[in-house]
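Please walk through this protein with me, one region at a time. The structure comes up here.

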Amino acid sequence: MPSSSSKMNFVDFRPQKELVYNKLLPYANELDAESHLWLAEIKGNLGRAIMLRELTPGCVFWTNRLNLYIELYGMKFSKEDHIAFVKLMYELVTIPNLDLNLINKFSDTLVLLLKKKKLISPDELELPWRPLYNMMAHCLRRNSIGIHRNLSWLETLLHCVIISVKTYFPLNATQEILDELRPKLCPHDGLTMCTSLQILECFLPVQLSPEHHSIGHWLWFDEFMTIWKVCHNGPQWENYMMRLMARLAIFNIGYINWESHVPFMFTIFIRCLNLPVTYKQTPNNLNHKIEMSSIAIWIVANLRHSVTKLQGSTF
């Protein structure tokens, strides 16, 4: 039977987000003691495995237990524990030369912990971007020499991790990322340009608050649109550019003036439809391969501004 001090701890305890349906279970009054005991066991043994540098089976086993705990109880731990778990999983994922199966295991837990962004604000957690960049650059490096080959799912996994983590990059990350990759933006080298834009699409923070826009997309938006307009003949990196612009538009609705870029964007969209249109019996041979999901996101993000402007001009 729990002591009075334990009951007091349960009263003072403020979980991040627990499963509300657990309160409907017939043994709901026993869940607090059960979950606290299980969480203490996970924290103690996971910390012990880290101190002993026992990635397998120690860290893997207790990481699986943490996943099961979240599945059964939700984010039923304090904000301090939540942040500590995120930092721990991030450090495990970014261990140099880590086995790919372990990267997969720890990455799944990291993405799960960061699923609810509102539980941890960027002011409370900061994660460096450089370790993930080194992993992504190594994964995308197409080296014809050597027998090492990355698994097909690694690139997709890293992309998911970066999208989940980049909300917590430092405020100066945009400038640092541009300093690293801007010299590689060479339209005449299609492979290098494609790889660089793929990394930029993953890493550039586009969800910054309005007061930080001056150190965010203001540093690169006009430059990237100019590059795209100059190289408008269906380059192979165009899809990554469209993904970046779509993500920027959906996270900054009403803060970016797209009016001067609308004719160019819709010209690209129409060409992506591959309609049988000819001019003086000469077909258009430009082949633009852009995902329709990115096009739809960009259009939806700009619908409200366009409708408001249309209503203003009508009345």
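Predicted model: local features only at pLDDT ≥ 70, side-chain atom pairs only at ≥ 80, totals over all residues.

Residues are numbered from 1 along each chain as its sequence is written, and side-chain values use heavy atoms, with hydrogens and water left out.

Start with helix α7, residues 152-165. Helices are DSSP runs of H or I with at least four residues, numbered from the N terminus. Leu154, Leu157, Leu158, Val161, Ile162, Ser164 and Val165 are buried there. Buried means under 20% relative accessible area, exposed over 50%, and partly exposed in between (1.4 Å probe, protein chains only). Seen down the axis of α7, the buried residues fall within an arc of 160°, so they line one face of the helix. That arc is taken from the directions from the helix axis to the C-beta atoms. Ser152 and Thr156 are exposed, on the face turned away from the buried side. The buried residues pack against α4 (79-93), α5 (100-113), α6 (130-140) and α9 (190-203); contact means heavy atoms within 4.5 Å.

Now take α4, where Lys79 lies. Lys79 is partly exposed, because its relative accessible area is 28%. Lys79 touches Gln16, Leu119 and Glu124, not counting residues up to four places away in sequence. Lys79 and Ile120 are 41 residues apart in sequence, yet 7.6 Å apart in space, C-alpha to C-alpha.

Last, go to helix α13, which holds Val300. Val300 counts as exposed because its relative accessibility is 51%.

Terms used: Helix = DSSP H or I, 4+ residues; strand = E, 2+ residues; numbered from the N terminus.
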